[in-house]
Structures are given as C-alpha cells and as structure tokens.
Amino acid sequence: MPDKNWLSKYESIKEQLYSKIDLDSYFTEKQIGKVAIDTLEIGTVHFPTGTVVACDPCIELEDALPYLQQIPAGTYPVTICVVPSEKYGDRYACVKVTVSSRKPVWYELGMTGAEDLEEELEEDEFFGFGVDAGMGCIIDQKTQEEYKKYWEKRCEEEKDVNLFDDLFDELLIESAKAHPKYQEEYGDWAVWTIPGTDCNVPIFHSGWGDGAYPCYFGYDENNAVCGVYIRFIDIAADYED
C-alpha cells in the first residue's frame, strides 16, 4: 500500500484524472464521431479475489502491480470495441470487463500507488501500463500468482522456453482459426486458462501497438464499480481526419 502522503496527494488530484470520454459509449453506440464501431465478445475472465492487474502479458505478467481499486470477486464478460477499417486495419480501441449492468457515472483512473504524483501531467495525459510487445491483458492478482507457479515449473522442465513463442503464439493462431472475425491470420486475441486452475488470462492486441495505456474503473450512481475499461484508442481524436 502507498504511504499516507501519496494517498493524500492522490485524493487532492483524483478527479483531475477522471476520463473525459464516456467509455461505455464505445460499447453502446454504433458510431463515435464519423467513425463506425463494433463490439466483439471474447468470453469471460475470472476474478477470484477482485484485485485487478492490467499489463502487457509478454512483458510484465509476473511483475505488474495490482490496482488499488477493486471489484467484487466473480466471473465477468470481456468485450472489445473494434474500429473496423480497410485503411488502418481493424483496431481494438477499448476492452471492457462488465461487472454489472448499471451505467457508469464517472471513470476513475486505475492507480497502483507507485505513480509519481509530483509529475506534472499535461491535458489528456494519464498514468498507464507500458506495452512493448503490442499486447494487453486484464487478470486477477490470484491469476498472476498461479501463472508464476505454472511458468516457474515449466521453465524447470523445458529448456529455453519462451512465453510468446511457446504459449501465446499458438493460442492466438488457434483463436484466429476458431473466431476469425476482427482477427488477422496470426491472431489478435485469445483466452488462456492456466492448467489445473480456474484462473484465466484474456490477451488482446493493444490498439496502435506499443505505448502506454490507461485502465479506468467505471462507477455507477451508487458508487459501485460497474465496469473496468482499458482504453487503447481515443476514437474521436485519433480518427478525426
């Protein structure tokens, strides 16, 4: 947990970090600005503890810090907002974990407590997780722990094993064959269940690729989290022309 000074500073600036975009509109509208959008249901993700982790699964699946915000333990649908385009390719703009059917009233930026709050953020800047392999994921902290045990054992049993080449690559190709809509030949999303557990890892292409991306917690009128959103693309801004 962060110290009292960090928490005090965060409370003073928290509302400045709220999303200015109604992220749920990415999943309820057919068009944002002049751009047509669609949605893609990819299955469910299990949160046995409700402690949320989002990261690039090829880079930080073992080490990513959990968010301070939490959700009720449970299993929830995962939906991707897609911007179909022949010119730019079908891009994943946002990923939503639906926690309840209620509508978000505001979107609070996911924070881990490790952010440098003395850093001056410009308009529309945010704290986010880094992507260096063009992929994102959202999981429970328990899933992260189960993955560490699984991967440690596999590394002991197999020489020079590689997470992407020896696991995710095949999963993505199989996903593309089984669910070709809005996927390239080599796959853009997959859901992997860690063997011997009920913990699973939905992975998906990260919008424009590498960069830093924010995760927001949507709160309803009763101050309860009703959805978690990873925003990869600001559709109105990025497709303005």
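This is a predicted model: local features need pLDDT of at least 70, side-chain atom pairs count only at pLDDT 80 or more; totals for chains, interfaces and linings use all residues.
Q: How do you know that the reach of helix α3 (residues 141-157) is close to what is expected?
A: The expected span of a helix is 1.5 Å times one less than its number of residues. Helix α3 has 17 residues, which gives an expected 24 Å, and its first and last C-alpha are 25 Å apart, so the two values are close. Helices here are DSSP runs of H or I with at least four residues, strands are runs of E with at least two, and both are numbered from the N terminus.

Q: Which residues of α3 are buried, and what puts them on the same side?
A: Buried means under 20% relative accessible area, exposed means over 50%, and partly exposed is in between (1.4 Å probe, protein chains only). In α3 the buried ones are Thr143, Gln144, Glu146, Tyr147, Tyr150, Trp151 and Arg154. They cover an arc of only 160 degrees around the axis, so they sit on the same side of α3. The arc is taken from the directions from the helix axis to the C-beta atoms. Lys149, Glu152 and Glu156 are exposed, on the face turned away from that buried side.

Q: What covers the buried residues of α3?
A: The cover includes strands β3 (38-47), β4 (52-55), β9 (135-140), β10 (189-193) and β11 (200-205), along with helix α4 (163-178). Contact means heavy atoms within 4.5 Å.

Q: What reaches the backbone nitrogen of Lys142 at the start of α3?
A: A side-chain oxygen of Asp140 does, coming to within 2.7 Å. A polar contact is a pair of N or O atoms within 3.5 Å; within protein, one must be able to donate a hydrogen and the other to accept it, and residues adjacent in sequence count only if both atoms are side-chain atoms.

Q: Which residues of helix α1 (residues 4-13) are buried, and what puts them on the same side?
A: Trp6, Tyr10 and Ile13 are the buried ones. Their arc around the axis is only 70 degrees, so they share one side of α1. They pack against β7 (106-109), while the exposed Lys4 and Asn5 are on the face turned away.

Q: Why is Asp90 called partly exposed?
A: Its relative accessibility is 33%, which falls between the 20% and 50% cut-offs, so "partly exposed" is the label. Asp90 is in the loop between β5 (74-83) and β6 (91-98). A polar atom of the Asp90 side chain lies 3.2 Å from the backbone nitrogen of Ser85.

Q: Is Glu184 buried or exposed?
A: Exposed: its relative accessible area is 54%, and the label needs over 50%. You'll find Glu184 in the loop between α4 and β10.

Q: Why is the pair of Phe47 and Tyr76 called tilted?
A: Rings of Phe, Tyr and Trp (its six-membered ring) pair if their centres lie within 6.5 Å; planes under 30 degrees apart are stacked, over 60 edge-to-face, and the rest tilted. The structure holds 17 aromatic pairs. In this one the centres are 6.3 Å apart and the planes are at 40 degrees, so it counts as tilted. Phe47 is in strand β3 and Tyr76 in strand β5, so the pair ties together parts 29 residues apart in sequence. Phe47 is buried at 1%, and Tyr76 is buried at 8%.

Q: What makes the pair of Tyr147 and Trp192 edge-to-face?
A: The planes of Tyr147 and Trp192 are at 85 degrees, with ring centres 6.4 Å apart, so the pair is edge-to-face. Tyr147 in helix α3 and Trp192 in strand β10 are 45 residues apart, so this pair links distant parts of the chain. Ring pairs also link Tyr147, Tyr150, Trp151, Phe168 and Trp192 into a cluster.

Terms used
Residues are numbered from 1 along each chain as its sequence is written. Side-chain values use heavy atoms; hydrogens and water are left out.
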